[in-house]
Amino acid sequence: QEVGFTVSIDDELIKKSNKAIESGKQISLFTQIRNSNRSVGAKLSYEVSKKYASRGLPPDTIKCKFTGVAGQSFGAFLAPGIVFELEGDANDYLGKGLSGGRIILYPQKGSTYRSQNNIITGNVNLFGATAGEVFIDGMAGERFAVRNSGAIAVVEGIGDHGCEYMTGGRVIILGRTGVNFAAGMSGGIAYVLDENQLFDTRCNLEMVDLEPVVDKIDIDFLYKLIKRHVEYTGSKYAGRILEDWDEMLPRFVKVFPIEYKKAIERIRTTQSRESGVMTITEEVY
């Protein structure tokens, strides 16, 4: 099978980013993207990690704006300090192995469809992600955030098997989910906007509890991330949620893995006994 590296655009991104990688000086790049351009960002992230290891670059050092349709694995293994902004849509495996970068995805300007009711990116987004952020103005396909262990994501709806085998990170879903949500989910936390009060029938409750969002830390985190989602993507739907925040907040459900919750409580108890100061909430959130 021919690999087809001739359609890769990473080499051009690396060439234009060399000075930023060497000096840490911020740059902004603009380019078209096609669905034949796969794993965009992987080679660029390799160059960053080769020089800086897992710490990567300072925030927002390399900002890349794309327009068009991204191929599979857009933003794969994206390193800290790299921001990928895509005006268009993406195929499967967006953010695969995300390692500290940020991905922003929203519809092309002039689009008239409702983002929260339409798929904008394919299946298995954020597979194996370890760190970083993703903001998606639209719905994602099936198996969203499978095996996510540390990334934070905001999306406006997903397909079946969301957060499957998730072990860490935070996922905010501002809309419908498919069935079998949280199957094998042993860590991390998800927040789901359950407007029709049917989420419990679509969630796999074998390993998680469903709770209302009442803790101030949860509320502040949720509001902060949705606000950033609006700022990055321009989502009108998310903007309306913030406008009616007092009414919408009670409709969110917190998906909390049972064993993870027990582990947090044990740590809290230990810290309370040893120092009388409870700091675990800062670490967890």
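A crossing of two helices is called left-handed if the near helix is turned anticlockwise from the far one by less than a right angle, and right-handed if clockwise. The legends below describe a predicted model, in which local features need pLDDT of at least 70 and side-chain atom pairs count only at pLDDT 80 or more, while totals for chains, interfaces and linings use all residues. Residues are numbered from 1 along each chain as its sequence is written, and side-chain values use heavy atoms, with hydrogens and water left out.

**View 1. Helix 3 crosses helix 4 in a left-handed sense.** Helices (H or I, at least four residues) and strands (E, at least two) are DSSP runs numbered from the N terminus. Helix 3 (residues 216-233) packs with helix 4 (residues 236-243) at an angle of about 145°, and their axes are 9 Å apart; axes are lines fitted to C-alpha atoms, for helices over the stretch in contact, and angles run from 0 to 180 degrees between N-to-C directions. From helix 3, Tyr223, Ile226, Lys227, His229 and Val230 meet Ala238, Gly239 and Leu242 of helix 4, where contact means heavy atoms within 4.5 Å.

**View 2. Phe66 and Phe84 form an edge-to-face aromatic pair.** Rings of Phe, Tyr and Trp (its six-membered ring) pair if their centres lie within 6.5 Å, with planes under 30 degrees apart counted as stacked, over 60 as edge-to-face and the rest as tilted. The whole structure holds ten aromatic pairs. In this one the ring centres are 4.9 Å apart and the planes stand at 70°, so the pair is edge-to-face. Because Phe66 lies in strand 2 (residues 62-70) and Phe84 in strand 3 (residues 82-90), the pair ties together parts that are 18 residues apart in sequence. Both Phe66 and Phe84 are buried, a term that means under 20% relative accessible area, with exposed over 50% and partly exposed in between (1.4 Å probe, protein chains only). Together with Phe74, Phe66 and Phe84 form one aromatic cluster.

**View 3. Trp245 and Phe252 form a tilted aromatic pair.** Their rings are 6.1 Å apart centre to centre, with 50° between the planes, and both Trp245 and Phe252 are buried.

**View 4. Ser45 is found in helix 2 (residues 42-52).** At 3% relative accessibility, Ser45 counts as buried. Not counting residues up to four places away in sequence, Ser45 touches Ala76, Phe77, Leu78, Ala79 and Ile82. The C-alpha atoms of Ser45 and Leu105, which are 60 residues apart along the chain, are separated by 19 Å.
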